[in-house]
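Open your viewer and get ready to click along.

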Amino acid sequence: MADPAEKIEEKKAIPSDDNIVDEGLEKGAAALTEDKIASVINQVIDEETGARLKVYVDTCIHCGLCSEACHYYVSHDKDPQYSPVGKIKQTIWPMLKKKGRVSPEFIKKASQIASTQCNVCKRCAMYCPFGIDIAYMISIVRRICHKLGVTPLYLQDTANSHSVTMNQMWVKEDEWIDTLQWQEEDAREEIPSLRIPLEKEGADIMYSVIAPEPKFLAGLIYQAGIIMNTAGINWTMPATPGWDNSDMAMYSGDNEIMGRLKKSHFETAARLKVKKIVMGECGHAFRSVYDVGNRWLGWKMPPVEVVHAIEFYYDILKAGKIKIKKKYEKPVTLHDPCNVVRGRGLHEKARYVVNAICENFIEMHPNREHNYCCAAGGGVINCGPPFKMTRMTGNRVKADQIRTTGASVVISPCHNCHSGLEDIVHHYELGTEVKFISDILYEVMEKPE
Amino acid sequence: MNLTKNWDWETARKTIPFKEWNEKFEWVEEPYVSPDGEEIAAIVNTGEAEFNICANGNLWETTYEKIWHLRYLADNRLAAIVNEDGEWTVSVNDTPWENRFDYVWQPMFTDDGQHIAVAIQSGMEYGMALDDKPWETLYANMSNATLSPDGKQTAASVQIDDFNEGEIFKFEKGVFSAAVNGNAWDNKFVNVWQSAFNQDGSKVAAEVRLSRTEYAIAVNGINWGKTYDAVWEPLFNPKTGSVIAPVLRKGSWTLAEDGNILWSNRYKQVWHQTFSPDGSRIAAIVAPSFGKWTIAVDDKPWQATINDLIWGIVFSPDSRRIAATTKEGDNWSVIADGSVWTHTFDMVGTPVFSPDSKHIAVKVEKNKKHTITINDRVWSEEFDAIWDPVFNDTGDKVMLRTIENGTYCRRVMPVDELLR
Amino acid sequence: MNTLYQFVAGPLLWIAFALFIGGSLYKVINLILLTQKKEAYLFCFLSWKWSLRSILHWLTPFGPRNMKLHPAMTVVTFIFHICLLLTPVFLLSHLILLEESINISWWALPDQVADIMTLLIIGACIFFLVRRINSPEVRYVTSASDFVLLAIVAAPFVTGFWAYHQWAGYQPAMILHIVTGEIMLVAIPFTRLSHMLFAVFTRAYIGSEFGGVRHAKDW
């Protein structure tokens with residue numbers, strides 16, 4: 001039995017988000033003056049926002065009904081600082097009220113709140129009676145902080161990588177191609193004539209991934225190779241920048257780099273004359289190509305259709321292009337990633353796929369559009385080690401959700417969710433395995449002899 | 001430069017068996033055909049980790065552990081990136097370059113096929129090689145490789161100073177520059193992206209970033225002195241030598257010339273500015289309003305707009321006509337001289353003008369079948385594959401390179417017959 | 001007293017209505033024009049179908065999940081808003097004044113019903129007040145202006161109730177009733193009470209994004 005005093009000690013030991021030191025925030029804020037802050041805030045408000053922000057601020061009746069939507073709020077025992085409107089109160093309201101005249105210290109705090117205590121998952125937009133898009137307002141805060149040079153270091157470094165390499169992880173041009181060729185060679189052990197066709201103009205599909213795949217999850221490219229070849233897809237992958245669909249610049253508020261990335265991605269597809277882009281199991285990248293980055297460039301919808309892996313697996317399973325040898329037996333549950341469920345309505349297709357490949361699927365509650373965010377998305381996990389505990393303490397509710405299912409595997413068809421859930425599973429000692437759909441699909445599918 | 005003149009424009013039909021290759025090799029990769037249509041070639045696998053190139057049924061003498069990026073040059077030579085004993089190089093018509101590298105990628109060719117440049121990595125250092133001659137100075141990283149139009153020079157963005165991942169403040173001071181023929185500019189920038197050479201190769205312009213939020217165009221390392229919220233790839237005016245680039249200010253795009261605003265209209269987007277061959281006109285792909293795309297010629301946007309995508313803008317040889325491909329939903333088509341063709345397809349190639357500028361031909365795909373469309377008239381014959389059409393120099397004949405029932409077929413057709 | 005009454009029930013009332021209608025029109029037109037000027041692209045995504053789907057779901061008691069999570073708030077909010085809109089418009093004494101003034105009238109609520117509805121509104125205001133003070137997540141985002149707004153809303157009903165029942169000092173109460181009613185009218189376009197005008201737009205927009213683009217529910 002634990003001593004009560006020990007328990008108190010334990011509770012005290014929960015790290016507070018207030019004590020986190022991030023070099024990007026510290027040094028960035030140290031270089032600011034109030035005049036500079038005011039001029040940037042007013043420039044962003046005047047030139048980059050319009051009636052929408054004004055109406056959102058004027059319409060909010062301060063009812064607090066958005067609170068329950070937020071996993072940070074729920075996980076912090078309903079600490080109002082973590083409610084969606086609570087975060088707006090600490091960021092955009094004073095900026096507007098004081099006409100931009102806020103202190104560097106305020107900006108530092110605002111940047112931390114906007115970048116690490118909100119995943120811009122938009123769950124709160126479903127809880128606000130007026131449908132106020134609070135995540136949009138948080139994005140404006142991030143945009144202001146970006147322009148002021150006050151962005152968490154790791155997130156900024158990722159945006160820098162995007163700017164230089166057009167990918168998220170400083171993967172050099174040759175490393176990318178080399179990795180594809182290496183995976184192709186490895187996969188030939190299994191299917192001798194397997195190909196990962198590079199630069200094949202006129203293929204039906206361009207397959208795009210995010211940089212963590214070539215960087216340290218190359219097995220996923222291997223699996224994609226097996227799935228594509230087995231299903232008989234006429235596909236290609238680019239051997240130029242533009243292969244990475246990810247976009248942390250979207251989350252750091254660097255819209256110009258975001259636009260550059262999306263231009264590069266879509267133009268690569270146009271150059272290769274493919275009919276569609278199929279993307280791996282990533283959520284934020286989908287958001288970036290689907291209704292954020294494309295819009296910044298002037299496209300109402302993606303100029304080349306982008307099919308998320310969930311939908312792609314659904315299509316090939318439904319068409320019988322992939323046959324299942326024997327369904328996966330361990331009990332599984334499914335985490336609905338915000339950006340492709342609340343962002344694209346793929347929840348039923350995800351369930352079709354999971355049921356097609358798994359014997360025993362247990363729903364997590366709440367689910368579909370109402371599922372809790374992983375707390376990793378929205379650029380938060382990309383803010384790096386300093387903020388890991390922010391994600392852990394901020395998402396106890398996710399651990400509870402997973403634990404209650406009793407499943408031994410949680411399927412997460414999104415990279416950020418996947419990494420975030422692995423941290424949560426570990427931190428809360430859930431003992432659950434975290435898998436992508438493709439991990440299981442690869443395991444249970446019939447492969448050509 | 002008249003490459004097509006000496007080609008065979010008389011023989012109506014020549015065929016080369018292709019399907020049979022599948023029986024001879026473990027597998028045959030996607031084929032490429034020579035510009036003159038006389039050859040078809042593909043990378044073939046001849047055994048475990050054994051690759052070769054088969055052209056018109058004949059293998060190269062050398063077998064490689066790996067071959068990729070097979071392409072025909074404009075002069076009908078065949079080039080590929082090959083790997084032997086773990087080292088990479090370029091091989092042209094089965095003759096490898098003397099230099100070997102740890103990696104080779106992004107081959108670029110001149111329009112006459114006489115020069116080849118590639119990106120190279122040796123000992124984890126990066127640079128370019130032009131016609132088997134690598135840069136003397138290599139860099140910690142390199143991207144945006146460019147080859148000058150005359151094929152005599154290369155340029156790329158390079159990393160000048162070392163910095164570690166996470167060193168965001170060092171990064172923001174600027175550690176990148178452009179290197180021309182391996183020699184870096186004196187000035188450093190936060191970012192350097194795509195560069196362009198002028199006609200005589202004496203100048204290089206590049207899109208650069210000066211700080212998190214300030215963008216400019218730099219010419220030979222000196223920036224315009226004016227900054228923008230964003231810029232896209234610059235281009236030299238072939239006639240006057242001025243630099244033209246799309247620039248963004250206060251949420252609107254327009255074209256700027258040598259740092260001064262050139263176009264008075266403001267657009268939601270402007271990119272891919274292109275000069276007419278005589279240098280007198282500029283066309284660009286523009287979005288006059290959100291979600292509406294068209295082409296603007298000298299700042300006058302066409303009336304017809306497209307919702308999804310306009311791509312591959314081409315001027316006619318006489319500088320008077322413009323064509324590009326369009327996409328609306330799943331339907332691809334062509335927009336030419338302000339109007340969209342009536343026929344739509346699952347995919348279309350880049351429009352090709354006849355030398356007399358009268359005709360526009362384009363390869364098209366519908367329901368997995370391929371054919372040719374000239375001036376919005378779809379030819380009735382269908383093929384399993386087709387390459388871009390080629391006009392003869394008088395513009396009355398067109399060469400079609402197709403695959404029909406597994407046989408490669410080179411046809412020469414009178415244009416009139418296709419228009420009938 | 002009579003002169004004062006004549007003034008507040010006469011010119012001041014017209015001014016208040018003018019400000020309410022004019023201000024509301026100004027605010028809504030300004031919203032549309034400003035959006036057209038600076039964020040015209042948002043109109044590309046607006047759709048009647050998805051706007052109505054969202055609005056109707058949120059007009060259905062206990063339709064959205066969040067309403068189920070807050071049953072008391074849901075019940076009180078619906079009663080409050082329904083009574084708030086109906087009572088002044090269908091109150092017999094208001095209609096008599098209207099008929100005397102511009103000779104227009106329509107069906108009226110029985111006085112007793114209106115009386116109960118007024119009490120419900122006052123009760124709801126008390127509920128909101130208590131919630132604002134007692135619930136940490138509401139208190140955290142509460143400023144003085146929130147209490148003022150609540151007072152502006154409650155005042156015409158408290159004074160109206162008082163005047164109707166002719167309690168002590170009901171004559172000044174009547175004047176107060178008219179004045180506070182006028183204040184509320186004017187406050188609608190110019191304070192956060194403007195959610196009465198804007199809610200339909202914010203819902204339409206998020207409903208269109210969720211329905212038409214995101215293919216997801218927003219309730």
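Start by selecting chain B, whose secondary structure comes to 3 helices and 44 strands. Here helices (H or I, at least four residues) and strands (E, at least two) are DSSP runs, numbered from the N terminus. Chain B has a radius of gyration of 23 Å, close to the 22 Å that the globule rule gives for 420 residues, so chain B is as compact as a globular protein of that length. That radius is taken over C-alpha atoms, and the globule rule is 2.2 Å times the number of residues to the power 0.38.

Before going on, a note on what you are looking at: this is a predicted model, in which local features need pLDDT of at least 70 and side-chain atom pairs count only at pLDDT 80 or more, while totals for chains, interfaces and linings use all residues. Residues are numbered from 1 along each chain as its sequence is written, and chains are lettered from A and ligands numbered from 1 in the order in which they are written.

**Still on chain B**

How many of its 420 residues count as buried? The share is 45%. A residue is buried if 20 or more other C-beta atoms lie within 10 Å of its own, exposed if 12 or fewer, and partly exposed in between, with C-beta atoms placed from the backbone. Two residues are in contact if their C-beta atoms, placed from the backbone, lie within 7 Å. In chain B, 36% of the contacts with a separation of 6 or more join residues 24 or more positions apart.

**Into the core**

Next, select Tyr313(A), Val118(B), Met128(B), Ala178(B) and Ile295(B), which touch the most other members of the largest nonpolar core, a set of 292 residues. Helix 9 (residues 134-148) of chain A gives the largest share of this core, 8 residues. A nonpolar core is a set of buried Ala, Val, Leu, Ile, Met, Phe, Trp, Tyr and Cys residues joined through C-beta atoms within 7 Å. In soluble globular proteins, nonpolar side chains tend to be buried together.

Zoom in on Ile295(B). Leaving out residues up to four places away in sequence, Ile295(B) touches several residues, including Ala283(B), Trp302(B), Ile322(B) and Ile335(B). Another core, of 17 residues, lies apart from the largest one, and Ala114(C), Val153(C), Phe157(C) and Met184(C) are among its members.

**Over to chain C**

Now colour chain C by secondary structure: you will find 11 helices and 0 strands. Its C-alpha atoms fill a box of roughly 60 × 40 × 35 Å along the principal axes. Of the 219 residues in chain C, 29% are buried. Residues 24 or more positions apart make up 65% of the chain C contacts with a separation of 6 or more.

Then show chain A beside chain C. Their contact takes 40 residues from chain A and 39 residues from chain C. On the chain A side, helix 4 (51-59), helix 6 (84-89) and helix 16 (284-297) each supply at least two residues. Which helix of chain A gives the most? That is helix 4, with 6 residues. The chain A side divides into 16 nonpolar, 12 polar and 12 charged residues. Ala, Val, Leu, Ile, Met, Phe, Trp, Tyr, Cys and Pro count as nonpolar, Asp, Glu, Lys and Arg as charged, and the others, Gly among them, as polar.

**Inside chain A**

Colour chain A by domain: domain 1 (19-151), domain 2 (164-318) and domain 3 (332-444). These bounds come from an automatic or database domain assignment. The C-alpha centres of domain 2 and domain 3 of chain A lie 22 Å apart, and 24 residues of domain 2 are in contact with 26 residues of domain 3. Helix 17 of chain A gives the most to the domain 2 side, with 6 residues.

Select helix 11 (residues 173-187) of chain A next. Its buried residues include Trp176(A), Ile177(A) and Leu180(A). The buried residues of this helix pack against helix 12 (212-216) and helix 13 (218-231) of chain A, together with strand 11 (103-109), strand 12 (116-122) and strand 15 (142-147) of chain B.

**Two last residues**

Is Arg123(A) buried or exposed? Arg123(A) is buried, with 24 other C-beta atoms within 10 Å. Arg123(A) sits in the loop between helix 8 (104-116) and helix 9 of chain A. Although Arg123(A) and Ala69(A) are 54 residues apart in sequence, their C-alpha atoms are 5.8 Å apart in space.

Finish at Pro94(A), in helix 7 (residues 92-97) of chain A. Pro94(A) is partly exposed, with 15 other C-beta atoms within 10 Å. Beyond four places away in sequence, Pro94(A) touches Val102(A) and Phe106(A).
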